[in-house]
Protein chains: 2
Amino acid sequence: MGLKHSTDLKFEVDVNGRKLELNSAEVMRQAFTPMELFLVALGGCTAMDVQWIMDRQRQRLDKFDMSISGLRRTEDPMYFESIDIKYRLAGPNIRKDAVERALRLSAEKYCSVRTMVKDSIKLNITYSISNGTQDETTYTYVP
Amino acid sequence: MGLKHSTDLKFEVDVNGRKLELNSAEVMRQAFTPMELFLVALGGCTAMDVQWIMDRQRQRLDKFDMSISGLRRTEDPMYFESIDIKYRLAGPNIRKDAVERALRLSAEKYCSVRTMVKDSIKLNITYSISNGTQDETTYTYVP
């Protein structure tokens with residue numbers, strides 16, 4: 001793939017014909033910052049794993065979404081010291097152990113992006129399960 | 001930011017109102033895969049550093065682009081064992097030492113994404129300099 005400088009800190013990205021725009025945090029507009037895309041890459045990687053593994057476990061998901069955010073250092077390099085990931089799953093009959101298994105397989109076996117991230121970056125992982133009729137219950141995933 | 005499952009392994013991403021689409025490698029269409037976005041994040045991070053540092057060194061860049069690609073493992077987790085980055089700079093009077101300095105400051109001080117990536121992921125970095133009138137010269141960056 002290729003990145004081409006445009007103006008200021010704006011770059012046009014070409015991923016085999018698919019386009020994306022990068023910019024710095026000060027002037028994002030419709031562009032994305034590299035640190036935002038890092039979170040999308042990490043979150044997307046494990047979200048796809050979990051979706052796939054839940055499907056293989058015949059756990060029907062009516063809804064599945066995730067929120068992800070990172071806490072940056074205040075000095076250079078301003079990397080994420082910690083990253084919060086919350087998986088939210090809804091379906092008629094989701095088993096807690098099946099979710100735990102999906103999270104574990106993603107973390108330990110499948111998630112390529114996560115494998116490349118230093119162990120010193122702390123991941124705080126929670127997940128919630130809802131059967132659609134009552135309030136969701138939130139759990140903390142312990143690696 | 002939030003990721004919401006759509007169909008199959010497709011996810012809709014919302015980054016403070018800015019939208020992006022994720023999909024798996026088999027069915028990308030206009031979407032991006034997490035591993036692609038990881039490369040965009042890494043490449044974009046160091047590209048912005050280099051642009052900014054060259055500017056601070058009063059090194060005029062008429063053109064600046066980068067190509068980045070990764071070599072994945074063939075077994076799970078299929079992370080990038082090595083990543084090739086090539087910076088291409090063109091301008092009337094670009095000094096090699098100024099480019100080296102920009103690459104070094106990005107690698108060692110500024111690039112937040114790179115700081116989060118394990119040292120075991122090998123980065124092969126090259127750069128070329130062209131003054132616009134003659135062929136570009138390519139160099140290997142040695143950390």
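**Notes on a predicted two-chain model**

1. A friendly place to start is a turn in chain B. β6(B) and β7(B) make a hairpin with six residues between them, and G132(B) in that turn has a positive phi of about 90°. Here strands (E, at least two residues) and helices (H or I, at least four residues) are DSSP runs numbered from the N terminus.

2. Before going on, some bookkeeping. This is a predicted model, in which local features need pLDDT of at least 70 and side-chain atom pairs count only at pLDDT 80 or more, while totals for chains, interfaces and linings use all residues. Residues are numbered from 1 along each chain as its sequence is written, and chains are lettered from A and ligands numbered from 1 in the order in which they are written.

3. β6(B) also has a parallel partner. Strand β5 (residues 80–90) of chain B pairs with β6 (residues 122–130) of chain B in the parallel sense, over nine bridges. One of the residues involved is L89(B), whose bridge partner in β6(B) is I129(B).

4. For the overall layout, take chain A. Chain A has three helices and seven strands, and along the sequence they follow the pattern β-β-β-α-β-β-α-α-β-β. The C-alpha atoms of chain A fill a box of roughly 50 × 35 × 30 Å along the principal axes. Of the 143 residues in chain A, 38% count as buried; that label asks for 20 or more other C-beta atoms within 10 Å of a residue's own, whereas exposed means 12 or fewer and partly exposed lies in between, with C-beta atoms placed from the backbone. Among contacts in chain A with a separation of 6 or more, 49% come from residues 24 or more positions apart. A contact means that the two C-beta atoms, placed from the backbone, lie within 7 Å.

5. Six residues from domain 1 of chain A and four residues from domain 2 of chain A take part in the contact. The side of domain 1 of chain A that touches domain 2 of chain A has four nonpolar, two polar and no charged residues. In these classes Ala, Val, Leu, Ile, Met, Phe, Trp, Tyr, Cys and Pro are nonpolar, Asp, Glu, Lys and Arg are charged, and the others, Gly among them, are polar.

6. β1(A) and β2(A) form one with five residues between them, where D8(A) in the turn has a positive phi of about 45°; H5(A) has F11(A) as its bridge partner in β2(A). β2(A) and β3(A) form another with two residues between them, and N16(A) in the turn has a positive phi of about 45°. β2(A) and β3(A) pair in the antiparallel sense over five bridges, and E12(A) has E21(A) of β3(A) as its bridge partner.

7. Now the two copies. Chain B can be laid on chain A with an RMSD of 0.0 Å by a turn of 180° and a shift of 0.0 Å along the axis. That is the relation of a two-fold axis. The superposition is by least squares on C-alpha atoms of residues with pLDDT of at least 70 in both copies.

8. How many residues of chain B are in contact with chain A? There are 51 residues of chain B in contact with 51 residues of chain A. α1(B) gives the most to this side of chain B, with 15 residues. By class, the side of chain B that touches chain A divides into 33 nonpolar, 11 polar and seven charged residues. The copies meet through the same surface, because 100% of the interface residues of chain B are also interface residues in chain A.

9. Strands cross between chains as well: three bridges join β1 (residues 2–5) of chain A to β4(B), running antiparallel. K4(A) has D65(B) as its bridge partner in β4(B).

Conventions
Pairing = 2+ DSSP bridges.
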